[in-house]
Amino acid sequence: MTATTFALQDSWKAALAEELATPYMADLNGFLTTEIDAGKRIFPKVPEYFAALDLTPLDQVSVVILGQDPYHGDGQAHGLCFSVQPGVRPPPSLKNIYKELNSDLGIAPVGHGNLEGWARQGVLLLNSVLTVEAGLAASHRGRGWERFTDAVIARVNELDHPVVFLLWGAYAQKKAGFVDTSRHLVLKAAHPSPLSAHNGFLGCRHFSQANAFLEENGMAPIDWRLPEKL
């Protein structure tokens with residue numbers, strides 16, 4: 001997988017040039033090519049593998065939300081963690097995110113689950129693994145994506161301006177464990193999944209805390225409201 005294999009936003013292409021040229025990324029590209037040539041359905045579609053990076057240029061990142069794997073159901077994944085394509089009902093974890101938004105900031109839930117509005121404001125919605133085989137959860141773990149997304153987080157950690165990291169669940173907290181907390185704000189809570197949301201996610205007030213930190217550092221807060229219609 002070279003820097004020209006997929007259309008990667010310019011700031012990320014420059015920052016990740018060496019990473020994209022590594023043997024492990026070539027191996028990952030070979031694996032994905034073989035899977036697609038074998039007729040397997042891979043989510044999201046190829047142009048959306050790097051949607052999180054394409055919609056949120058590196059120098060514009062002000063908040064990072066980490067997920068694990070893309071949704072593996074038809075029509076769901078489009079390259080942003082927790083987000084689904086227009087016309088798809090919000091999944092359970094996203095419903096709890098909306099519930100916390102309402103409790104924290106009084107923002108009423110919308111009827112869709114598309115979070116592109118956040119991404120375009122500087123919220124990097126990054127999964128640890130960027131592809132999955134249809135119907136097979138976590139099927140592309142251990143193929144190299146984790147190392148690549150570690151590099152993405154490292155580049156964000158190196159930014160000159162402060163960033164808010166919203167780390168929901170033990171996996172996200174471990175993955176971003178190297179983030180410099182002397183410069184960045186790291187907020188931790190349970191995962192918003194129905195299995196754990198009541199163990200500390202609901203009531204965490206991360207959205208208001210993130211905005212307060214951004215404003216304190218002279219940065220624009222995130223407008224967490226989403227358009228009702230896309």
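How are helix 5 and helix 9 oriented to each other: parallel, antiparallel, perpendicular or oblique? In this predicted model, local features need pLDDT of at least 70 and side-chain atom pairs count only at pLDDT 80 or more, whereas totals for chains, interfaces and linings use all residues. Residues are numbered from 1 along each chain as its sequence is written, and side-chain values use heavy atoms, with hydrogens and water left out.

The axes of helix 5 (residues 92-105) and helix 9 (residues 206-216) come within 8 Å and cross at roughly 60 degrees, and the two helices are therefore oblique to each other. Helices (H or I, at least four residues) and strands (E, at least two) are DSSP runs numbered from the N terminus; axes are lines fitted to C-alpha atoms, for helices over the stretch in contact, and angles run from 0 to 180 degrees between N-to-C directions. Angles under 35 degrees count as roughly parallel, over 145 as roughly antiparallel, 65 to 115 as roughly perpendicular and the rest as oblique. Helix 5 contributes Ile 97, Glu 100, Leu 101, Asp 104 and Leu 105 to the contact (heavy atoms within 4.5 Å), and helix 9 contributes His 206, Phe 207 and Ser 208.

An open sheet is formed by four strands in the order 3-2-5-6, with parallel pairing; two strands pair if DSSP finds at least two bridges between them. Strand 3 (123-127) and strand 6 are the edge strands, each pairing on one side only, and neighbouring strands are turned by 20 degrees against each other on average, direction ignored. Strand 2 (residues 63-67) is joined to strand 5 (residues 164-168) by three bridges, with Phe 165 of strand 5 as the bridge partner of Val 64. Strand 2 also pairs with strand 3 in the parallel sense, over five bridges, and here Leu 126 of strand 3 is the bridge partner of Leu 66.

Five of the five residues of strand 2 are buried, so this strand is largely enclosed by the rest of the structure; buried means under 20% relative accessible area, exposed over 50%, and partly exposed in between (1.4 Å probe, protein chains only). Both faces of strand 2 are covered, with Val 63, Ile 65 and Gly 67 on one side and Val 64 and Leu 66 on the other. Helix 7 (residues 145-157) lies across strand 2, strand 3 and strand 5, running at about 155 degrees to strand 3, while helix 9 lies across strand 2, strand 5 and strand 6, running at about 175 degrees to strand 6.

His 184 lies in the loop between helix 8 (170-175) and strand 6 (185-189) and, at 3% relative accessibility, counts as buried. The side chain of His 184 reaches the backbone oxygen of Asn 157 at 3.0 Å and makes a polar contact with the side chain of Arg 183 (3.4 Å). A polar contact is a pair of N or O atoms within 3.5 Å; within protein, one must be able to donate a hydrogen and the other to accept it, and residues adjacent in sequence count only if both atoms are side-chain atoms. Beyond its neighbours within four places in sequence, His 184 is in contact with residues including Phe 165 and Phe 213.

Leu 16, in the loop between helix 1 (10-15) and helix 2 (17-20), counts as buried at 0% relative accessibility. Leaving aside neighbours within four places in sequence, the contacts of Leu 16 are Leu 53, Phe 148, Ala 151, Val 152 and Arg 155.
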